[in-house]
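Open the model in your viewer and keep the selection tool at hand. We will go from stop to stop, with a word on what to select and what you will find there.

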Amino acid sequence: MTKFNKQRLDATLFQIDERIKTGWFTDEYLNNNVRILTTLAKEGYKFGDNTSDLYGIDTRDVENGKLEVEMQIFTRRKPFSVVVGVDEALSILKECTGYYKDDKFINTYNNLEIEAIEDGAIVEYDGDPLHVKPVLKIRGRYRDFAHLETVLLGVLSEPTRIATNVYNTLVAAEGKDVLFFPARFAHYKMQGVHGYAHNVAVECYNNTHKKELSPIVSTNEQGSWWGGKGGGTVAHATIASFLGNTPETMLQFSRIMPVEIPRIVLIDFHNDCVNETLAVMKKMFDKYWQLYIEENLEEAKKYKLHGVRPDTSSNMIDKSIKYPSSEDDFGVNPKLIWNLRTAIDSAHIKWEKEFTEEDIANNKPQILRDWCKSIQIVVTGGFDAKKIKYFEKFKVPVDVYGVGSSLLRNDKENNSDFTADVVRVKIKDEWYDLAKEGRRASSNEDLEIIE
């Protein structure tokens, strides 16, 4: 359930592995808890006269194997996280809480008390573990869910990290579209999770910044959790299939592909983005005009060039940069984008000189100007929030950013680092604070009781 649609994800999406019930995916030191506590329960072990941290509380009759605890799960990413993965965590708790008796799994989920926030909630963290905001609280017999800790932390950490990375990138892009393009940097089985995290991050950004951006993913699997579809245009391999002829590539692409697919052309095949752009524009507009003048307007729409995409490698300097002066001139850089925008916007000046009186009578000059003006610049190749922020600071005329590996980045700055702590125990129907030094039971106003 996200904060925005109030609809819980269907549990079948998660394809929960039956082996989670056995602790197969759990760190063994946590499975050891289950083994020890289960054995103690069978033996009828009681804590007796041993000393405890619960000063003044009679703990002699505590049956440790049956101990009920309160566990809180929280993130320590500063200054905030866009939390995603709560629905999957709840589904795992629902299906996998319990124990095996002989070969039969006894589900004890209904004995738990659970509080959780919703996917898409922003949770702040100031760096002090005493001031955490739990995203999930579980109360119940510990040995029934101890084997789930590793899995729960993982299903929260991965999508939360990515959603927060996407959110920060959207903030850097100042309201411009960001293409979600990291599929090639992760195992394909993760695409559904990653795409969902992207979708929630876009919803969160729209909510906090009063925007109406759409989630844009590149594979169908990335959209499978929320009803989205992957989109795309041409690849360098497409141009290679046309023997390096980019204009002909786009002409055939436009002829064959449905009009709903935006015509965005890769223009760095020959490391000459400006001239490649002008060549594509000329060929596509000529076809557009031919169909337009024949009043075949529906077919003409296929030859509207939606955008151009420089994807220049970071070890190359585009030919349009005549006097390279620094390392900043490599790859896709501000000079290249300004060169492109100028070339696109002024292309009509030269072409109009060749227009006939009949062309002018048919309003061809204005139609050409409008056709050129609508062409956007889509950039890809090594973009992250920092580089986007730099482009936006200097108002580089980029319309859309395509971002890949940085959205999956997992380092000291980007790690969401979820932790689970036991913070209270139940003794004779009373709850008592009990946690490791430096931690304590905490609250979050966004927590809601899960029925």
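A residue counts as buried when its relative accessible area is under 20%, as exposed when it is over 50%, and as partly exposed in between. With that cut-off in hand, select Asp359, in this predicted model: its relative accessible area is 13%, so Asp359 is buried. Asp359 sits in helix H10, residues 357–361. Show its surroundings and, leaving aside neighbours within four places in sequence, you will find Asp359 in contact with Trp289, Lys364 and Pro365.

**Aromatic cluster**

Trp289 leads us to the next stop. Select Phe285, Tyr288, Trp289, Tyr292 and Trp371 together, and you have a cluster linked by ring pairs. How many aromatic pairs does a search of the whole structure find? The count is 15.

Now pick Phe14 and Trp225. Their ring centres are 5.2 Å apart and the planes meet at 70°, so this pair is edge-to-face. The two residues come from distant parts of the chain, 211 residues apart: Phe14 is in the segment before helix H1 (28–43), and Trp225 is in the loop between strand E9 (216–217) and helix H5 (236–241). Are these two residues buried or exposed? Both Phe14 and Trp225 are buried.

For another pair, go to Tyr390 and Phe394. Here the centres are 5.1 Å apart with the planes at 65°, so this pair is edge-to-face too. Tyr390 has a relative accessible area of 40%, so it is partly exposed, and Phe394, at 42%, is also partly exposed. While you are in this part of the sequence, select Lys387 as well: Lys387 lies over the face of Phe383, 4.3 Å from the ring centre.

**Nonpolar core**

In soluble globular proteins, nonpolar side chains tend to be buried together. To see this here, turn to the largest nonpolar core, which has 116 residues. Highlight Ile73, Leu93, Leu136 and Leu305, the members that touch the most others. Then colour helix H3 (residues 149–173), which gives the most to this core with twelve residues.

Centre the view on Ile73. Not counting residues up to four places away in sequence, its contacts include Pro134, Val135, Leu136, Leu152, Leu156 and Phe418.

**Backbone details**

Switch to the backbone and find Lys78 and Pro79. A cis peptide bond joins them, with omega at about -5°. Pro79 is in the loop between strand E1 (68–75) and strand E2 (80–82).

Next, select Glu174, in the loop between H3 and strand E8 (177–180). Its phi is near 55°, a positive value in a residue other than glycine. Glu174 has a relative accessible area of 54%, so it is exposed.

Leu243 is another residue with a positive phi, about 60°, although it is not a glycine. Look for Leu243 in the loop between H5 and helix H6 (246–256). Its relative accessibility is 81%, so Leu243 counts as exposed.

**The whole chain**

Finally, zoom out. The chain has twelve helices and 16 strands. Its C-alpha atoms fill a box of roughly 105 × 45 × 35 Å along the principal axes. The radius of gyration is 29 Å, whereas a compact globule of 451 residues would have one near 22 Å. Buried residues make up 49% of the chain. Show the surface to end the tour: the accessible surface comes to about 22,900 Å², with 49% of it belonging to carbon and sulfur atoms.

Notes:
Residues numbered from 1 in each chain as written. Predicted model: local features only at pLDDT ≥ 70, side-chain atom pairs only at ≥ 80, totals over all residues. Heavy atoms only, no water. Core = buried A, V, L, I, M, F, W, Y, C linked by side-chain atoms within 4.5 Å. Buried < 20%, exposed > 50% of the residue type's maximum accessible area, 1.4 Å probe, protein only. Helix = DSSP H or I, 4+ residues; strand = E, 2+ residues; numbered from the N terminus. Contact = heavy atoms within 4.5 Å. Phe/Tyr/Trp six-rings, centres within 6.5 Å; stacked < 30°, edge-to-face > 60°. Lys NZ or Arg CZ within 6 Å of the ring centre and 35° of its normal. Rg over C-alpha atoms; globule rule 2.2 N^0.38 Å. Areas by Shrake-Rupley, 256 points an atom, 1.4 Å probe, with all protein chains shown as cover.
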